[in-house]
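Student: I have a structure open and would like to learn how to read it. Could you walk me through it, one feature at a time?

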Amino acid sequence: MEKNQQSKIVWHLLTLVGEDRPGIVAGVTTLLYKGGCNLGETSMLRLGGLFTIMMMVSGAESDKALQTVISPAVKKFKLRAHVDKAGARLHAHKIPNVQITIYGADRAGIVADTVATLSDSGLDILDLNSDVAGSAEKPVYVLMIDGDATQGLERLEASLASLENKGFEISLTPLETMVG
Amino acid sequence: MTVLDILTYPDERLKQVSLPVVSFDKKLKDFISALEQTMDAGPGGVGIAAPQVNKLLKIIIVDVSPMANTAKKRKRRFKSSNHGRLILINPEIVSVSGAEVAREGCSSVPDYTANVERPKLITVRAMTAHQEVKNIECEGFEARAVLHEIDHLDGKLFLDRIISTRELFRRKVYS
């Protein structure tokens, strides 16, 4: 499909959350296909034992029409569904040029402390994953961020110094992309 | 200046296996020159393979100098060997060692980049345009670029070798 055709496509962002069980993705995507919808980018995650998925869906006439198309799966799998028509578009990815890993004894405020400092130094977060490792008595928080250092890596590195005495480890790795 | 059209996936021709070069004649020299110019005309590309321009011959060109220059400008260590412009005919991987993950893109797969695991150090044996056989040791991004381009000769794309970033994350944390 040509890019100018793609730009005319109206995408809805469909978010589904529910208890994880086999068959949800197959059930939902089959209904979307039979309902005349197409998929763009999707991201499925299991968070805390819950099933979560966000899907770019085109071909639905309205938010309500999309809700109707997926309603059998929503009922069957007891999902919560949310639909946005938020002007999503394909090929809108920035390529990350830095990866930041943060870990330390879990305590409230790790993410807020670090991300606010990094953001002030020009970090545009493109991808973020976190988990709680360690034991229940001694939990360890691990955070990994892919981002774009919009004001240069040196500025970000300098900002790390101010985070050094906060009780967690933080490392920055420049990311290069090889285009062959 | 000759800039050849680059095939983009899902063009089936990208999935075909290329044939060894047997004639080292003027036609080959002219084609290599056009392939070089095509690579240089692309934005940010550090490699190209003949099948990407619809020539099913085992020829690749790799030159990671643009990445090395960027690293130098940013005062970053460039984690790679750099032999300058490598024109490799009938290349074969002789040995590999180590492994590392880095992000790759491809001019035949526009608008997409992903993490790919590749060997860190390789030895590639290939013929030059003057029919000399050479063994070249490549490391880091140069090794990655050579392997990426040799994959094209085998009808493979980096899409065949993607590693999930989330998988990478979990492996880093727990293993």
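Tutor: Let's begin with the order of elements: along the sequence, chain B runs α-β-β-α-β-β-β-β-β-α-β-α. Helices (H or I, at least four residues) and strands (E, at least two) are DSSP runs, numbered from the N terminus. This is a predicted model, in which local features need pLDDT of at least 70 and side-chain atom pairs count only at pLDDT 80 or more, while totals for chains, interfaces and linings use all residues. Residues are numbered from 1 along each chain as its sequence is written, and chains are lettered from A and ligands numbered from 1 in the order in which they are written.

Student: How many helices and strands does chain B have?

Tutor: Chain B has 4 helices and 8 strands.

Student: What does the radius of gyration tell me about chain B?

Tutor: The radius is taken over C-alpha atoms, and the globule rule is 2.2 Å times the number of residues to the power 0.38. For 175 residues, that rule puts a compact globule near 16 Å, and chain B agrees, with 16 Å. Along its principal axes, the C-alpha trace of chain B spans about 55 × 30 × 30 Å.

Student: In which sense do β9 of chain A and β4(B) pair?

Tutor: Two strands pair if DSSP finds at least two bridges between them. Strand β9 (residues 177-179) of chain A pairs with β4(B) in the parallel sense, over 3 bridges. Within this pairing, A:Met178 stands opposite B:Glu104.

Student: Which residues have the most contacts inside the largest nonpolar core?

Tutor: In soluble globular proteins, nonpolar side chains tend to be buried together. A nonpolar core is a set of buried Ala, Val, Leu, Ile, Met, Phe, Trp, Tyr and Cys residues joined through C-beta atoms within 7 Å. A residue is buried if 20 or more other C-beta atoms lie within 10 Å of its own, exposed if 12 or fewer, and partly exposed in between. The largest core has 32 residues, and those with the most contacts inside it are B:Val46, B:Ile60, B:Ile61, B:Val62, B:Ala145 and B:Val146. The biggest share comes from α3(B), with 7 residues. Among the residues that B:Val46 touches are A:Met178, A:Val179, B:Val62 and B:Ala145.

Student: Where is B:Asp111, and is this residue buried or exposed?

Tutor: B:Asp111 lies in strand β5 of chain B. B:Asp111 is exposed, with 11 other C-beta atoms within 10 Å. Its phi is near 65 degrees, a positive value in a residue other than glycine. B:Gln131, also not a glycine, has a positive phi of about 65 degrees. B:Gln131 sits in the loop between β6 and β7 (133-139) of chain B and counts as exposed, with 9 C-beta neighbours inside 10 Å.

Student: Which residues does the cis peptide bond join?

Tutor: The bond joins B:Tyr9 and B:Pro10, with omega about 20 degrees. Look for B:Pro10 in the segment before α1 of chain B.

Conventions. Two residues are in contact if their C-beta atoms, placed from the backbone, lie within 7 Å. Lists of a residue's contacts leave out its neighbours within four places in sequence.
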